[in-house]
Amino acid sequence: MKDPTDLFAESGVPEESKPSGKPPLPARMRPKTLDEIGGQEHLLGPGKLLRRIIEADRFTNLIFYGPPGCGKTTLAEVIALATRRRFERCSGVLSNVATIRGVCETAKALRNSAGTVLFIDEIHRFNKAQQDVLLPHVEDGTITLIGATTHHPQIFINTPLTSRSLVFELKPLAIDAVRMLLLRALTDTVNGLGRPADHVESEALDFLADICEGDARRALTALEVAVLSTPGKVTLTDMEECVQRRMVAYDRDEDGHYDTISAFIKSVRGSDPDAAIYWLARMLEGGEDPRFI
């Protein structure tokens with residue numbers, strides 16, 4: 001049986017494009033400070049509430065609500081770094097009550113020496129009992145909770161938990177913010193791709209920044225694929241092949257479903273054919289059942 005490295009040599013794959021064991025580009029380029037975070041100026045701009053409470057180290061429990069790739073996890077990690085707190089991470093999909101209790105017991109034991117930020121990704125996946133387990137530890141300050149969700153907190157998170165938290169909505173990143181992140185990742189010689197700025201055509205960067213729909217993770221993933229799979233300069237055509245198509249943000253039975261059908265109905269009632277066709281096309285492109293429409 002041949003050594004895998006021999007197979008790569010025979011295939012002609014450039015040395016720099018071979019698997020390196022490094023984390024994906026979005027993970028390597030995750031910001032470490034508030035100033036490195038792209039977008040979210042309505043929360044992190046000079047004088048804005050969230051920035052003030054982070055810089056003053058006076059933040060309370062937080063819930064970040066927004067679409068995928070807008071920086072919820074990144075912001076939680078930056079907050080822990082900026083305030084010198086321990087950072088514990090749980091998943092609403094993988095964690096259970098025993099996991100939560102274990103993290104909280106550790107935080108209680110270390111409370112006098114270090115505060116603990118407990119970040120729960122997809123917190124809306126926790127059922128009521130799991131969310132209730134957090135309440136006493138949030139109440140007495142054993143942990144500072146930061147929850148992240150793509151679903152509306154007032155609907156999917158228990159009221160006792162939201163009443164003890166500040167809820168901030170994160171927006172999809174603007175095109176200029178995504179382009180800045182792409183250029184930084186392209187030229188960064190430590191964690192990025194280490195290429196000159198003109199290694200990717202300007203039109204290709206503009207295309208990627210626009211088509212990713214404000215999702216920084218998706219944009220950086222596509223950039224890495226394009227650069228590592230393309231010999232020489234990355235053109236617009238190369239980038240279009242790597243992205244292939246614009247993804248429609250839509251779900252079949254949650255917020256996107258109801259918001260979109262509501263907009264469609266209002267457009268029809270308001271005799272706005274252009275808007276009605278747009279929302280109809282968005283549902284069909286998102287995979288909605290035509291019988292429902």
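**Figure 1. Helix H11 passes helix H12 in a right-handed crossing in this predicted model.** H11 and H12, the latter spanning residues 216–229, pack with their axes 9 Å apart and at an angle of about 145 degrees. On the H11 side, the residues that meet H12 are Leu205, Leu208 and Ile211. They face Arg218, Ala219, Ala222 and Leu223 of H12. By class, the contact of H11 with H12 holds six nonpolar residues, one charged residue and no polar ones.

**Figure 2. Helix H11 and helix H13 come within 8 Å of each other, axis to axis.** H11 covers residues 202–211 and H13 covers residues 236–243. Their axes cross at roughly 25 degrees, an angle under the 35 degree cut-off, so H11 is roughly parallel to H13. The crossing of H11 with H13 is right-handed. H11 contributes Glu203, Ala204, Phe207, Leu208 and Ile211 to the contact. From H13 come Leu236, Met239, Glu240 and Val243. Seven residues of this contact are nonpolar, two are charged and none is polar.

**Figure 3. Leu208 and Ile211 of H11 are shown with both neighbouring helices.** Leu208 and Ile211 belong to the H11 residues that meet H12, and both are also listed in the contact of H11 with H13. Leu205 of H11 is placed in the contact with H12, while Phe207 of H11 is placed in the contact with H13.

**Figure 4. Cys104 is in no disulfide.** The nearest cysteine sulfur to that of Cys104 belongs to Cys90 and lies 8.1 Å away. A disulfide would need the two sulfur atoms within 2.5 Å. Cys104 has a relative accessible area of 0%, and therefore counts as buried. A search of the whole structure likewise finds zero disulfides.

**Figure 5. Cys70 is buried.** The relative accessibility of Cys70 is 4%. Buried means under 20%, so Cys70 falls in that class.

**Figure 6. The protein chain as a whole has 15 helices and five strands.** The chain has 293 residues, of which 42% count as buried. Among contacts between residues at least 6 apart in sequence, 72% join residues at least 24 apart. The helices of the close-up views above, H11, H12 and H13, lie at residues 202–211, 216–229 and 236–243.

Notes. Residues numbered from 1 in each chain as written. Predicted model: local features only at pLDDT ≥ 70, side-chain atom pairs only at ≥ 80, totals over all residues. Heavy atoms only, no water. Axes fitted to C-alpha atoms, helices over the stretch in contact; angles between N-to-C directions. Helix = DSSP H or I, 4+ residues; strand = E, 2+ residues; numbered from the N terminus. Parallel < 35°, antiparallel > 145°, perpendicular 65-115°, else oblique. Left-handed = near helix turned anticlockwise from the far one by under 90°. Contact = heavy atoms within 4.5 Å. Nonpolar A, V, L, I, M, F, W, Y, C, P; charged D, E, K, R; others polar. Buried < 20%, exposed > 50% of the residue type's maximum accessible area, 1.4 Å probe, protein only.
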